[in-house]
There are 2 protein chains.
Amino acid sequence: MLILGCGSAKPSARHFPSAQILNIHDKAYLIDCGEGSQIQMARFHVGYRHLDSIFISHMHGDHVLGLPGLMSTFCLLGRTADLNIIGPEGLGDFVDFINKTFCKEKTYKVNFFPVLDDCVSKPVFEDKTTEVYAIPLRHRIQCYGYLFREKANKPHIIREMTDFYGIPYYAYNSIKDGKPWTTEDGEIVPAERLTRPAEPPRAYAYISDTAPSHVVAENVVNVDLLYHEATFGKDNIKRAEETYHTTAAQAAEIAASCHVHRLIIGHFSSRYKDETPLLEEAQAIFPNTVLAEEGKTYTI
Amino acid sequence: MLILGCGSAKPSARHFPSAQILNIHDKAYLIDCGEGSQIQMARFHVGYRHLDSIFISHMHGDHVLGLPGLMSTFCLLGRTADLNIIGPEGLGDFVDFINKTFCKEKTYKVNFFPVLDDCVSKPVFEDKTTEVYAIPLRHRIQCYGYLFREKANKPHIIREMTDFYGIPYYAYNSIKDGKPWTTEDGEIVPAERLTRPAEPPRAYAYISDTAPSHVVAENVVNVDLLYHEATFGKDNIKRAEETYHTTAAQAAEIAASCHVHRLIIGHFSSRYKDETPLLEEAQAIFPNTVLAEEGKTYTI
């Protein structure tokens with residue numbers, strides 16, 4: 001995961017607004033698309049071609065205003081692959097307006113998937129390797145976090161065993177799917193003897209913008225990496241409450257109670273000229289916390 | 001004049017898209033508003049409050065997609081002063097859409113002035129100190145350059161002369177307006193004897209995006225400073241023709257033929273990793289040329 005922007009609504013010279021790239025098995029997903037996302041992609045050498053799908057949390061400018069530029073750049077570059085855009089219902093009108101106004105020479109198709117009420121119980125998006133769930137957040141307008149769950153990987157063939165039984169390559173896929181192998185002598189070899197378990201599937205959760213939320217807590221248990229907004233420190237807890245945001249300490253409490261493996265805090269208010277106090281505040285509760293940083297890659 | 005962005009449509013790590021700030025007598029005008037303009041304003045310490053009016057050349061994304069972010073930031077900061085926006089007719093729908101979608105808590109009023117067909121013959125915008133004319137350009141869609149003309153300054157009072165005649169302060173304004181002074185003895189002193197001429201009014205022209213145009217040439221004669229796009233060098237003249245852009249040599253020819261005082265070239269294609277060849281190409285024809293540079297201020 002690569003951070004393109006981790007600032008909040010008020011522009012600052014230190015941060016770009018929210019955007020990040022999640023790479024899973026050669027596909028890239030963009031999560032939120034604040035103003036300047038395409039400029040940051042150029043700066044950090046993110047290929048525009050690999051971008052498969054865009055997930056938008058909510059319709060505040062600092063999370064979505066990079067979309068018109070990126071969509072018109074795709075036209076300029078002659079993109080032909082479909083682009084999936086997932087987000088709250090109001091996003092559909094915005095996408096239509098962009099298409100009509102800034103993508104006059106259409107070269108690619110946009111598939112818009114609105115997030116619906118049953119988003120927690122079934123994926124809002126799914127492809128060969130990944131399921132994505134939306135998590136309703138507590139913000140001033142309709143707003144969603146996203147949970148990316150890798151699908152269960154298939155087990156690995158143990159070559160010594162398949163060689164021993166003389167099993168041909170074409171049978172590998174069915175064995176990976178759990179089917180037994182019958183030898184010429186009629187011996188039935190269970191798939192478990194021929195394979196070793198795959199790595200456990202990984203999970204990443206992106207949570208911004210929200211007041212502390214038990215719905216978030218219920219849905220990010222045990223994730224490998226949690227990005228949680230920490231717009232303020234506890235010095236500004238009143239302001240956080242008023243604006244439906246989270247403090248660094250509150251983000252860390254969620255990470256600790258949900259047994260996540262690692263926490264990244266971001267979406268920093270422009271009032272902080274140095275976020276070290278936010279980091280220290282979070283680490284006091286959940287030591288395995290780092291600050292989001294533009295241009296930095298976090299391996300899951 | 002401060003450059004915020006001098007790149008062209010394809011995003012690059014080296015330049016932001018078109019935007020510049022023109023300061024005239026304590027007021028700031030924004031000319032074009034490419035994506036990231038508000039981020040550049042924060043970076044270069046341009047106060048959001050002084051921004052009085054925004055002039056948009058045309059509805060291509062790299063000239064206008066910073067507007068939603070800036071307009072929503074004005075709401076966030078509680079701006080109360082009216083904001084003037086001047087541009088092609090299609091811009092009005094975009095401004096309405098932004099207002100509806102991203103400025104829900106309106107704190108200020110937007111006055112939109114569409115540029116009309118008679119734009120060369122009368123100002124599209126006027127305030128106490130400045131007249132602004134639009135210049136129709138030759139681009140793929142409706143597109144305008146802008147010519148900023150300082151209004152004639154009033155002449156300066158010669159204090160030695162007003163003291164000699166015992167002329168009171170309250171009469172200064174009428175003398176500056178050219179009215180004679182009548183002494184107690186009935187002597188009529190013409191205003192010209194009591195004043196010396198003001199500095200000549202200054203003029204700045206912003207020309208982007210366009211194929212070389214005689215309409216431009218007719219309207220920028222003798223300006224103090226001309227910003228002219230030079231998207232390409234003569235190595236890419238075919239591409240310049242196809243896309244309705246100008247080469248550095250062509251921009252310099254216009255500057256030379258129009259006797260402008262100084263030329264800035266900008267709107268560089270992202271294919272150039274170093275624009276020195278464009279500068280050399282222009283300087284061979286018009287020596288008083290400089291390259292546009294983000295963050296640099298040019299005094300007129």
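In chain B, six strands form an open sheet in the order S1-S2-S3-S4-S5-S6, with mixed pairing. Strands here are DSSP runs of E of at least two residues, helices are runs of H or I of at least four, and both are numbered from the N terminus. Two strands count as paired if DSSP finds at least two bridges between them. Strands of a sheet pair through backbone hydrogen bonds, either parallel or antiparallel. S1 (2–5) and S6 (110–114) of chain B stand at the edges. Each has a single partner strand, so one side of each lacks a neighbour in the sheet. From one strand to the next, the twist averages 20°.

The model is predicted: local features need pLDDT of at least 70, and side-chain atom pairs count only at pLDDT 80 or more, while totals for chains, interfaces and linings use all residues. Residues are numbered from 1 along each chain as its sequence is written, chains are lettered from A and ligands numbered from 1 in the order in which they are written, and side-chain values use heavy atoms, with hydrogens and water left out.

Stay with chain B. S4 (residues 51–55) and S5 (residues 83–87) run parallel and are joined by three bridges. B:Ile54 has B:Ile85 as its bridge partner in S5(B). Helix H3 (residues 67–76) of chain B packs on this sheet. H3 touches S3 (27–33), S4, S5 and S6 of chain B, where contact means heavy atoms within 4.5 Å. The direction of H3 makes about 160° with that of S4(B). Axes are lines fitted to C-alpha atoms, for helices over the stretch in contact, and angles run from 0 to 180 degrees between N-to-C directions.

Now turn to chain A. S4 (residues 51–55) runs parallel to S5 (residues 83–87), and three bridges join them. A:Phe55 stands opposite A:Ile86 of S5(A). S5(A) also pairs with S6 (residues 110–114) of chain A, in the parallel sense and over five bridges. S5(A), helix H4 (residues 91–102) and S6(A) make a right-handed β-α-β unit. Right-handed means that, with the strands pointing away from the viewer, the path from the first strand over the helix to the second runs clockwise.

How many of the five residues of S5(A) are buried? Five of the five are. Buried means under 20% relative accessible area, exposed over 50%, and partly exposed in between (1.4 Å probe, protein chains only). One side carries A:Leu83, A:Ile85 and A:Gly87, the other A:Asn84 and A:Ile86. Both faces are covered.

Next, the nonpolar cores. Each is a set of buried Ala, Val, Leu, Ile, Met, Phe, Trp, Tyr and Cys residues joined through side-chain atoms within 4.5 Å. The largest has 66 residues. A:Leu67, A:Met71, A:Phe94, B:Leu67, B:Met71 and B:Phe94 touch the most other members. A second, separate core of 57 residues includes B:Phe55, B:Val115, B:Cys143 and B:Ala203.

Some backbone details remain. The A:Ser208 to A:Asp209 peptide bond is cis, with omega near 0°. A:Asp209 lies in the loop between S14 (203–207) and H8 (214–219) of chain A. In chain B, a cis bond joins B:Ser208 and B:Asp209, with omega about 0°. A:His45, in the loop between H1 (37–43) and S4 of chain A, has a positive phi near 55°. A:His45 is exposed, at 73% relative accessibility.
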